[in-house]
Each structure stands twice: as C-alpha cells, then as structure tokens.
Number of protein chains: 2
Amino acid sequence: MHWLRRPIWWDERMAFPPDATLTDAGEFGLISALTEVFTQGEQVLIGPGDDAAVLRVKTGHVVVSTDLMVEGRHFRREWASAEDVGHRAAAQNLSDVNAMGGPADLPVQWALDFARGFADERALVGASVVGGDVTRSDQLVIAVTVLGACTQAPVVRSGAEPGDVLAICGRQGWAAGGLAVLGRGFRSPRVLVEAYRRPEPPYDAGRVAAEAGATAMIDVSDGLLADAGHVAQGSGVSIDVHRSAFEVPEPLQAVGAALGADPLQFILGGGDDHALLATFPEGSVPEGWSVIGSVAEAGPDGPAVTVDGAPYEGPTGWVHF
Amino acid sequence: MHWLRRPIWWDERMAFPPDATLTDAGEFGLISALTEVFTQGEQVLIGPGDDAAVLRVKTGHVVVSTDLMVEGRHFRREWASAEDVGHRAAAQNLSDVNAMGGPADLPVQWALDFARGFADERALVGASVVGGDVTRSDQLVIAVTVLGACTQAPVVRSGAEPGDVLAICGRQGWAAGGLAVLGRGFRSPRVLVEAYRRPEPPYDAGRVAAEAGATAMIDVSDGLLADAGHVAQGSGVSIDVHRSAFEVPEPLQAVGAALGADPLQFILGGGDDHALLATFPEGSVPEGWSVIGSVAEAGPDGPAVTVDGAPYEGPTGWVHF
C-alpha cells in the first residue's frame with residue numbers, strides 16, 4: 001500500500017482535485033479528510049483513528065441502535081445533494097458512528113459533502129462522530145450506529161394501555177409528498193421536496209413526552225399506520241386513528257389533486273419525516289403534541305390498527321423486501 | 001403492509017419453505033426468525049424489537065467500533081457457506097449489533113445460516129446480538145457494530161517507543177493462503193481454506209498483552225506490514241520486521257510452490273487471520289506471543305516499516321479503493 005512509503009501529510013489531505021474519485025483518494029486519504037469534518041465532543045476519550053473509539057458515559061446504561069442505507073433504495077443521488085442526504089442520515093440516527101461504502105468512481109467530493117451535511121445535523125443534538133468504516137461496493141452503502149445515554153427510564157413500544165390516547169409530534173406526510181413528486185420527475189411544491197431532502201425531526205419532543213408520562217413511543221420511520229402497528233403489536237392493544245384529526249396542509253392537497261390521489265395517504269403511510277408517535281393517559285398530552293387516535297383492548301383477532309374503526313385499504317408504510 | 005392484519009405468530013416464524021426468499025419472508029418475518037437465533041446475555045436490559053437496545057455496563061466508559069462487509073469484495077458465496085461467513089463476520093467484530101442488506105431473491109435460509117454462524121462465534125466471548133437492521137440491496141451488504149466495556153486503560157496504536165520489540169499472537173498468513181487457493185479455483189490445502197472461511201482470532205491475547213504492559217496494539221486486518229505501518233504512523237516510530245522470525249508452515253510452502261510465489265508474502269501481506277500485533281518493552285513479551293521485529297526512532301523521511309532493514313517490494317496489505 002502506497003501510504004506506508006508516501007504518507008498523506010496533514011496539509012495534503014484536502015488537496016483533492018474537484019473530480020477526484022475514491023480510487024484517487026484512497027482509503028486513508030478519504031478517512032483523513034472525513035476526520036477533519038467531524039469535531040469531537042468532550043465526552044470522547046479516544047476518537048477516530050484507532051481500532052475503536054472510547055466514550056465517557058454519565059450513567060451505567062448505554063443505548064445503541066443501527067441502520068443501513070443503500071443507494072437506489074433509500075435515496076437517489078439525482079434527487080438530493082450529498083449534503084441533503086448527510087442531513088437525512090443524521091436526522092434518522094443522531095449518530096455517533098457511521099460507515100460508508102461506495103463505488104470506486106464515486107467522487108470524493110460527494111463523500112465530503114455527505115460528511116458535512118451529516119456533521120451539521122448531528123451538531124443539532126451535540127452528538128459526535130467518533131469513528132467509522134469505508135469500503136468499496138458497486139452500490140453506495142451507508143451504515144450508521146447511534147449511541148446515547150438514558151437519563152430516565154426508556155419509553156418503549158410495549159407500554160400502551162387501553163384508554164390511552166395516540167398523539168403525534170412533528171410534520172407528517174410532507175416527505176412522502178415530496179418523494180411522490182420527485183418520483184414523477186417534478187421538483188415542486190418545493191416545500192415538500194425540501195421536507196424529503198432534509199427532514200426536521202422534533203429532537204426535543206421525546207424527552208418532553210417521557211416527562212409527561214408517555215406510556216409507549218416510536219419514531220415514524222416505516223409509516224404512521226405501520227409504526228402504530230408496531231406499538232399495537234408490542235403492547236397487545238388495538239389502535240384506532242381518526243381521519244378528522246388531521247388538517248391536510250395546502251401543498252399536500254395540491255399534490256393529491258395533481259396525482260389524482262387522496263392526500264391523506266401521504267400522512268397515513270409516509271415515514272420519512274421522522275415524527276414521533278406516542279400514547280399517553282388521557283389528559284397527559286404535553287404541548288406540541290396532537291391527539292390523532294385512541295387505544296383499546298385487542299379484539300378477538302389480536303392487535304390491530306384501524307382508521308375510523310375500519311381496516312385501512314391503502315398503503316400503511318414501507319415494505320423492506 | 002401485510003403483517004398488520006396478518007401478524008406473524010411465533011409458531012409460524014421458522015415455517016419458511018427451504019427455497020423461500022427474503023421477499024417471501026418479509027422484513028418482519030426475517031427479523032422474527034433472526035431474533036430467535038440470538039439469545040441475550042444478562043447485561044441486556046432491552047434487546048431486539050424496540051427502537052433501540054439498552055445495555056448495562058460495569059464501568060463509565062463504552063467502547064464502540066463499526067464495520068461493513070460487501071459481497072464480492074469481502075466474501076464470495078461460492079467460496080464459503082453462509083455459516084462460515086457468519087463466523088468470519090463475528091470473529092472480525094465480536095459484535096453486539098449487526099445490520100444486513102441483501103437482494104430480494106436471497107434465500108432466507110442463507111440469512112438464517114449466517115445468523116447461526118454469527119451466534120456461535122459471538123458466544124465464544126459471551127457477547128449478545130442486541131439489535132440490527134435489514135434492508136434490500138442489489139449487493140448483499142453486512143454492517144456490524146461492536147460494543148464493549150474497558151476494564152483497564154485501552155492500549156492504542158500510538159504508544160510504541162524506540163527500543164520496544166514487535167510481537168504477534170495468532171496464526172498469520174493462513175487465511176491469505178486459503179484465499180489465494182480459492183481464487184485459482186482450488187479447494188486445498190484444506191487447512192488453509194478453512195482458515196480463510198473460519199478464522200480463529202486469539203480472543204484472550206489482547207487482555208494478556210495489556211496486562212503484560214503492551215505499549216501499542218492493533219489487530220491484523222489490513223495486512224501485517226500495513227497494520228505495522230498504522231502503529232508506526234500513530235506512534236511516530238519506524239518498525240523493522242525480521243524475515244527469520246517466521247517459520248513458514250508446510251501448507252503455505254506447498255501453496256507457494258504451486259503458485260510460484262514466495263510463501264512469506266502471505267504472512268507479510270495477509271490480514272484475514274485476525275492475529276494481534278503489539279509492541280512491548282524488551283523483556284515483557286508474554287507467553288503465546290512471538291517476537292518478529294523491533295522499533296526504532298523514525299528516520300529523516302518519517303515513520304516507516306522495513307523488512308530486514310530494507311523497503312518491502314511486495315504487497316503489504318489490502319487496498320480498499
């Protein structure tokens with residue numbers, strides 16, 4: 001390997017020509033360049049550059065989650081800039097660790113732009129990127145792992161009780177509308193396309209909900225009805241979602257009219273906004289959250305999700321395989 | 001999504017026909033089946049099935065690392081069984097969290113075999129698989145994140161001092177020999193092919209080395225000389241590797257003769273055995289470790305790795321891009 005005899009010096013790190021590919025940069029050139037993009041928080045004892053990172057945590061518990069993104073499946077380069085995708089990946093994961101694979105002819109600039117978007121987004125919650133991994137693949141692949149500390153008892157999917165109400169916080173359906181528009185080759189309504197490219201998850205809402213006594217919580221990543229289904233299944237309850245609880249925003253109405261579709265399908269089936277969905281005892285719903293349904297005992301056929309009391313015939317979310 | 005109205009019941013989980021694909025199984029069917037494969041350790045407060053896992057840790061520090069594997073680049077399905085690849089992935093990562101992407105027509109059985117191999121390997125160190133992620137991709141992709149707790153001060157790459165000796169623990173070059181054999185369409189020497197398919201990392205050697213006072217340590221994943229180079233670079237020293245320190249095992253001699261290659265190149269450039277490489281103050285090398293080189297001050301051209309005092313002209317390791 002070249003770098004043993006010709007090391008990449010600090011001042012050469014960013015000196016890639018604008019059309020340099022990953023092959024031109026090499027693994028260590030890319031890693032050096034990425035390392036410069038991610039500044040480290042004070043909880044990081046050992047950051048990137050060693051076999052593993054070492055972090056200081058305040059409590060005796062660690063929270064960990066992981067994710068995979070594959071080009072063509074989760075994002076398209078012609079539909080969003082690298083920086084946009086960086087924001088999206090971080091918004092999805094609030095992440096400390098990420099891994100990326102890309103074709104050898106991927107422009108280095110794309111990787112650096114991705115890193116910048118990612119760095120900007122994780123700064124919103126004070127997270128650090130403490131390590132990662134790069135590899136070659138025919139498809140561009142991004143894997144992200146997130147670590148956090150619990151400062152209170154975690155709110156899981158399995159705590160919803162009959163009599164609770166279902167509530168949501170954050171935009172819902174905007175990104176799905178933007179995706180539908182992009183899929184038809186359009187670029188407007190711009191506000192929906194931007195919502196897809198750079199979601200704005202309600203980062204503080206989870207803490208607020210936990211403090212208010214939320215009994216179950218999930219982030220809407222598969223689709224509103226699909227994720228409500230995860231809560232129903234996990235808690236052994238049935239959930240009814242009320243159509244009348246949603247005010248369909250004007251740009252979604254416009255897309256529905258243009259595509260001849262019920263605009264409510266973007267809200268009920270969409271997931272890319274990363275809204276939070278939670279159940280609360282009646283009367284405990286905090287400010288910023290909207291009640292959109294109710295929780296009841298599971299029927300004879302087991303846990304289920306209904307819309308206005310009936311099975312929903314439209315798409316309820318994302319199908320992975 | 002189907003499962004909301006037709007949930008996957010426990011007793012249906014493993015009932016895939018032998019030729020079922022990922023599309024047949026669906027995301028949640030696959031996850032349910034995988035969850036059954038991985039039993040949880042007592043340090044796991046919340047395991048798979050929620051948005052994130054929660055673990056109990058004994059110290060106030062967390063160690064995290066991440067990895068990516070891509071079919072065709074890191075493994076070939078025609079060269080090793082799914083269970084073999086499962087062992088390899090776990091051996092590489094001693095992992096708690098993994099993510100996997102695969103083509104829609106990937107047999108579910110392959111994913112389950114992979115999981116079984118992975119589960120068996122991580123059991124060697126008492127690790128748990130606490131979560132993961134699956135997605136569709138044209139290429140099969142596997143991403144793994146490992147978490148651990150530090151029970152003593154971590155030994156990093158940057159602590160090697162002039163006057164130290166370089167030592168190795170574990171098989172080295174066997175997997176590279178096996179890979180060379182497979183690449184030519186052969187299946188023997190069997191012991192080398194097996195070494196490639198199921199590496200046997202010296203899991204306890206890291207702790208032993210740390211207790212003996214190792215000044216720097218790295219696992220050989222890129223190649224012996226390449227990883228020695230990471231230590232040299234990180235520590236600002238030069239490292240000389242001594243050819244005479246290696247006894248070339250008989251099967252490697254046979255492969256060298258058959259392919260017309262210097263068998264030492266598998267030892268100096270190979271990485272898939274996951275041996276451990278460390279530097280020690282002279283006289284501190286623990287049992288089970290072999291001295292293979294020496295550490296000196298960096299020369300006028302900066303940190304470097306030499307073999308018997310001269311630059312090495314063969315391949316020193318794996319080139320990622």
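This is a predicted model: local features need pLDDT of at least 70, side-chain atom pairs count only at pLDDT 80 or more; totals for chains, interfaces and linings use all residues.
**Sheets, packed helices and aromatic pairs**

The strands of chain B build an open sheet of six. Their order is β8-β10-β7-β11-β9-β12, and the pairing is mixed. Strands β8 (216-219) and β12 (305-307) of chain B form the edges. Each of these two pairs on one side only. From one strand to the next, the twist averages 25°.

Cys169(B) has Leu276(B), in β10(B), as its bridge partner.

Chain A also carries an open sheet of six strands. The order reads β8-β10-β7-β11-β9-β12, again with mixed pairing. At the edges stand β8 (216-219) and β12 (305-307) of chain A. Each has a single partner strand, so one side of each is left without a neighbour in the sheet. Neighbouring strands are turned by 25° against each other on average, direction ignored.

Strand β8(A) pairs with β10 (residues 276-280) of chain A in the antiparallel sense. Four bridges make up this pairing. Here Ile218(A) stands opposite Leu277(A) in β10(A). Helix α6 of chain A, residues 205-212, packs on the sheet. The helix touches β7 (165-169), β8 and β10 of chain A, and its direction makes about 5° with that of β10(A).

Over all chains, the structure holds two aromatic pairs. One of them joins Phe280(A) and Trp289(A). The centres are 5.4 Å apart, with 75° between the planes, and the pair is edge-to-face. Phe280(A) has a relative accessible area of 0% and is therefore buried. Trp289(A), at 8% relative accessibility, also counts as buried, because the cut-off is under 20%.

In chain B, the rings of Phe280(B) and Trp289(B) have their centres 5.4 Å apart. Their planes stand at 75°, so this pair is edge-to-face. Phe280(B) is buried at 0% relative accessibility. Trp289(B) is buried as well, with a relative accessible area of 8%.

Definitions and conventions:
Residues are numbered from 1 along each chain as its sequence is written. Chains are lettered from A and ligands numbered from 1 in the order in which they are written. Side-chain values use heavy atoms; hydrogens and water are left out. Two strands pair if DSSP finds at least two bridges between them. Axes are lines fitted to C-alpha atoms, for helices over the stretch in contact, and angles run from 0 to 180 degrees between N-to-C directions. Contact means heavy atoms within 4.5 Å. Rings of Phe, Tyr and Trp (its six-membered ring) pair if their centres lie within 6.5 Å; planes under 30 degrees apart count as stacked, over 60 as edge-to-face and the rest as tilted. Buried means under 20% relative accessible area, exposed over 50%, partly exposed in between (1.4 Å probe, protein chains only).
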